[in-house]
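Hi,

Here is the structure I promised to pass on. Have a look at it first, then read on for what turned up.

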Amino acid sequence: MLILDGIDLLAIDEAQNIPHIGNIIKLIVDEIPGISVLASGSSSFDLLNKAGEPLVGRSTQFLLTPFSQREISQTETAIETRQNLESRLIYGSYPEVVMMTDFERKKDYLRDIVGAYLLKDILTIDGLKNSSKMRDLLRIIAFQLGSEVSYDELGKQLGMSKTTVEKYLDILEKVFVEYRLGAYSRNLRKEVTKAGKWYFYDNGIRNAIIGAFSPLAIRQDVGALWENYIIGERRKANFNEGMHKEFYFWRTYDKQEIDLIEETADSLVAMEFKWGHKKPAVPKAFHVAYPYAEFYVVNRDNYLEFV
């Protein structure tokens with residue numbers, strides 16, 4: 001332990017790749033007074049499985065997301081933020097991407113992440129073998145961004161069982177590629193309760209998976225990109241500020257819907273996301289069922305108030 005004498009903070013990246021990492025960290029913090037260890041990894045369950053048990057009572061968990069707009073705003077003006085919005089929707093907010101000024105470098109970096117990480121490192125987890133199926137699943141989810149997903153239908157498209165589809169999606173969520181929003185329901189019998197929508201942690205990764213880096217002016221998926229971006233920013237604020245919100249979407253069987261529902265113990269907030277300037281009213285069924293809920297329409301004019 002002499003090598004660590006005088007060290008206050010030890011950072012270990014991709015700690016899940018080090019054998020017996022939990023016991024090693026336990027020994028370090030038990031034997032060296034005043035030292036703190038920051039162990040990071042790109043797989044939540046892989047890192048927790050290998051480090052969690054020995055560190056019970058000795059550790060705190062943090063989720064490191066791509067940069068939030070609140071963080072980026074510390075180094076850019078409001079005008080620059082507006083100018084960079086299109087870039088955020090297309091290339092995302094990974095730290096390296098935000099720092100790059102050349103769009104071709106951004107594309108190359110994101111392609112490398114998808115090729116080297118998503119389709120290489122992920123497949124080492126839990127003995128997965130079929131990289132083509134994982135790629136196909138990612139592409140389907142990317143094209144269905146913000147739409148309700150049927151595991152049975154995905155299985156038919158991919159030639160896999162529903163159970164395997166669920167397993168793959170669960171892994172993709174645990175390695176921070178995408179996440180699921182469930183349907184919100186508390187009162188109405190006609191509310192959808194079992195459906196789910198899948199979103200990506202980062203717009204750039206989503207676009208790299210399908211090779212879509214075209215300008216917004218010629219794209220057909222701007223609404224989905226906008227929805228993915230704003231929901232992602234709301235989730236980042238929740239993680240970073242420890243607000244303990246639960247996130248859902250809301251829809252009835254007669255097609256009344258709201259993009260995002262945020263629930264805490266004492267509040268309910270509903271948000272609809274519009275890339276254009278439409279300002280729809282709160283759906284009547286939602287207002288009747290939840291008259292105490294706040295309702296907002298988030299567009300390009302006011303979005304900075306919500307991120």
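This is a predicted model: local features need pLDDT of at least 70, side-chain atom pairs count only at pLDDT 80 or more; totals for chains, interfaces and linings use all residues.

Trp250 belongs to strand 5 (residues 246-251) and Phe286 to helix 13 (residues 284-289), so the pair ties together parts that are 36 residues apart in sequence. Across the whole structure, the search turns up 14 aromatic pairs.

Next, have a look at Glu262, which is part of strand 6 (residues 257-264). Is Glu262 buried or exposed? Its relative accessibility is 2%, so Glu262 counts as buried. And what does its side chain make a polar contact with? The partner is the side chain of Arg234, at 2.7 Å. Leaving aside residues up to four places away in sequence, Glu262 also touches others, including Lys245, Phe247, Leu268 and Met271.

Last stop, the second largest pocket, which holds about 180 Å³ of space. Helix 5 (85-91), helix 6 (95-99) and helix 7 (103-121) each supply at least two residues of its lining, and helix 6 gives the most, with 3. Sorted by class, the lining has 5 nonpolar, 5 polar and 2 charged residues. To find the spot on screen, look for Gln83, Arg88, Met99 and Lys106, which are among the lining residues.

Cheers

Conventions:
Residues are numbered from 1 along each chain as its sequence is written. Side-chain values use heavy atoms; hydrogens and water are left out. Helices (H or I, at least four residues) and strands (E, at least two) are DSSP runs, numbered from the N terminus. Buried means under 20% relative accessible area, exposed over 50%, partly exposed in between (1.4 Å probe, protein chains only). A polar contact is a pair of N or O atoms within 3.5 Å; within protein, one must be able to donate a hydrogen and the other to accept it, and residues adjacent in sequence count only if both atoms are side-chain atoms. Contact means heavy atoms within 4.5 Å. On a 1 Å grid over the protein atoms alone, a cavity is a set of points where a 1.4 Å probe fits but cannot get out, and a pocket is an open set with protein on both sides within 12 Å along at least five of seven lines; lining residues have an atom within 4 Å of a point. Grid points are joined across faces, edges and corners, and a volume is the space filled by probe spheres set on the points. Ala, Val, Leu, Ile, Met, Phe, Trp, Tyr, Cys and Pro count as nonpolar, Asp, Glu, Lys and Arg as charged, and the others, Gly among them, as polar. Rings of Phe, Tyr and Trp (its six-membered ring) pair if their centres lie within 6.5 Å; planes under 30 degrees apart count as stacked, over 60 as edge-to-face and the rest as tilted.
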